[in-house]
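Trainee: Could you take me through one part of this model closely, and then show me how the rest of the assembly is arranged around it?

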Amino acid sequence: MSEDSHPPVDSPQVNEPDYWLDQPKNIDLLIKILIAACVIVVCADFFYHKHGHFGFQEWFAFDAVFGFAAYVGLVNSAKLLRKIVMRDEDYYLPANETEGEGGQHD
Amino acid sequence: MTESIAALFGGMPPGLLLVIAAVPAALLPHKISQAAMLALPVIGLAHLLGMPEEFHHTIQVFDLTLELTRIDRLSYVFGIVFHIAAFIGVLYAAHQRDKLQAASSLIYAGAAIAAVFAGDLLTLFVWWELTALSSVFLIWASRTESALAAGQRYLVIQVLSGLLLLAGAIQLYSTSGSLAFEHIGLESLGGVLVFLAFGIKACFPLLHGWMKDAYPEATVTGTVFLSGFTTKLAIYALARGYAGTDILIPIGFTMTAFPIFFAVIENDLRRVLSYSLNNQLGFMVVGIGIGTELALNGTVAHVFAHVIYKALLFMSMGAVLYRVGTIKASELGGLYKSMPWTAFFCIIGSISISGFPLTSGFISKSMVISAANAEHLLLASIVLLFASAGVLDHSGIKIPFFSFFAHDSGKRVEEAPLNMRLAMAIAAALCIGVGVYPAALYSILPYPVDYAPYTMTHVFTVLQLLLFAALGFVFLWKMGWYPPELRSVVLDVDWTWRRFLPQAWSGVAEGWLIGQRAFLRTADAMRLRVLGFTSAHLSPWSRLGEPWPTGQTAMWAAALLLAYLYLSY
């Protein structure tokens, strides 16, 4: 069970079974499986000829590199986007509905 | 059997039954009502399947020819998937005793179905507006202040879309003398107006604000219905009226890329799904813009696959909201322990939308991408590939990961009700079924299909893209670089009318007040100066105000009279 859990009173977790995913070694196992799968699908490129409409589509492991780069690029640019468009949760709430002592905007 | 049901309805469009029977069915006692409501989409589907492949039914109203029913290869597929979506939605909502929602959801589904069978623009307009009017109740049924406000904003924009459609239809009628809903194109003013009307409902970039605003405010079950019909009706309308319109290609690929950045940082998971919906619509719009047989087949296949896996994802997030009471990623985590079935179905939806082999997304999205490749559209091809990797983040990983896994929130709840699980199971089975046996879907597409999704190149390139994107997630997560889920709102284009315009207006009003005040202040100062001047020079004690001697006054009077006399001659 993770250390940051705060169970509601009416749902005791004392008798919960040990979950497979709660053990860090199993998470590591899943990651290893993912890495193995990645290696396999890249190595597959050796065994057949790729058909592409554009030249770069036939490059070795093009989609693998593109997928990784696109993903990391996307997430990092979204983090930058947060600086511009993220506001407090009560941003759109009218003043009288503001929750807690959270700051009011405008 | 199906033929006899079809004969029963005469030439009436499929979908009309749902509209007419919705209110009576909803008013029955709960159990009978649920049975009736489940039966209606089944009867509706039987009606459609019993109709001939090509069917037209027109009526004459004054000098207008209205084509109430037009069944052809294009409208047929939409009719089928809309019926399936209606059935799944009704089943998902079966535990609920809210007659308002029950009736409005069936009217909404029925109106959308009837709309795709409308053969002229006026009939389309009527159903188009009915989908708007009936669906807003699914938002208002949340019965919260914010849902009320979001519903009002939604209704204004939806009705505006309808009015643009009507204006465009009138314009087209006055130039061509026909209301028939065939290829329209952008050559005339009417064509542009209708294009905008469709574009609003299809969530073109910058016209999309209504969806991410309203859908997450709807009820648990309402969003499942909403996700299915309105936007796909718009896709149908675009495919009918604007296939091969080049501008749709950049519009479409912008739609695939633009919303996914927002989806990464949005905290409300049903809003994440709305952004994801917008991204998926982009693939369909690109397909319509390309307009080749492969592209249009791809668009229609993608609609079919998408309606089902998107409903599945909204159902799983709805089940979480229903049980936990919140759908904010920052509050969730570890729910697989108490909702394993929901988690399982959600993952099926996630891998389907991501387009893993053996799922429906794989066999549909790839048709659109292949069509873009075949036309040598380099930019479109690259953006679509980028968007495919992006889908894996928000729908493939973020949705299941932050709700069911990630850090255990400690929340322990009941599994979703049986009817919800059944609805999710049917949707999940369809996602896998279509992926494993695509021939069934390909056989009902508008054009003959000459496309093999399961080639070595395709399977391995897709796997490379998706698995390495997943590796990207593991990398960012392990390094602690993945952005944490934060309690927040993300501003989008709806900010313009929710904040900017009201504030600009109050700015104008304030400016007016300041100006008014300055004017009054100046006017008052002027008044005081005039008063000071006159009291200084005309008061009884001043030089001019003191009493004059009689002789002097008489002389002045005489001078005045002389001047008068002189002037009158």
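**A covered helix and its surroundings**

Mentor: The helix α8(B) is mostly covered, since 10 of its 13 residues are buried, where a residue is called buried if 20 or more other C-beta atoms lie within 10 Å of its own, exposed if 12 or fewer, and partly exposed in between, with C-beta atoms placed from the backbone. This is a predicted model, in which local features need pLDDT of at least 70 and side-chain atom pairs count only at pLDDT 80 or more, while totals for chains, interfaces and linings use all residues. Residues are numbered from 1 along each chain as its sequence is written, and chains are lettered from A and ligands numbered from 1 in the order in which they are written.

Helix α8 covers residues 189-201 of chain B, and from its first C-alpha to its last it reaches 19 Å, close to the 18 Å expected at 1.5 Å a residue; the expected span is 1.5 Å times one less than the number of residues. Helices (H or I, at least four residues) and strands (E, at least two) are DSSP runs, numbered from the N terminus. Among the buried residues of α8(B) are Gly190(B), Leu193(B), Phe195(B), Phe198(B) and Lys201(B). The cover over them includes α7 (145-176) and α11 (230-242) of chain B. After α8(B) comes Cys203(B), whose phi is positive, near 60°.

Stepping back, chain B is divided into domain 1 (1-241) and domain 2 (243-493), bounds that come from an automatic or database domain assignment. The C-alpha centres of these two domains of chain B lie 24 Å apart, and their contact takes 40 residues from domain 1 and 43 residues from domain 2, two residues being in contact if their C-beta atoms, placed from the backbone, lie within 7 Å. On the side of domain 1 that touches domain 2, the elements giving two or more residues are α4 (73-92), α9 (209-214), α10 (222-228) and α11 of chain B, and α4(B) gives the most, with 13 residues. That side of domain 1 divides into 26 nonpolar, 11 polar and 3 charged residues, where Ala, Val, Leu, Ile, Met, Phe, Trp, Tyr, Cys and Pro count as nonpolar, Asp, Glu, Lys and Arg as charged, and the others, Gly among them, as polar.

Chain A has 2 helices and 1 strand, in the order α-α-β along the sequence, and of its 106 residues 13% count as buried. Its contact with chain B takes 47 residues from chain A and 46 residues from chain B. On the side of chain A that touches chain B, α1 (24-43), α2 (62-85) and β1 (86-87) of chain A each give two or more residues, and α2(A) gives the most, with 16 residues. The strand β1(A) is joined by 2 bridges to strand β3 (residues 489-490) of chain B, and the two run antiparallel; strands pair if DSSP finds at least two bridges between them. Here Arg87(A) stands opposite Val489(B) in β3(B).

A word of care about chain A: its mean pLDDT is 77, and 75% of its residues reach 70 or more, pLDDT being the predictor's confidence in each residue, from 0 to 100. Over residues 1-12 of chain A, pLDDT stays under 50, and the values also stay under 50 over residues 98-106 of chain A. Where pLDDT is low, the predicted coordinates should not be read in detail.
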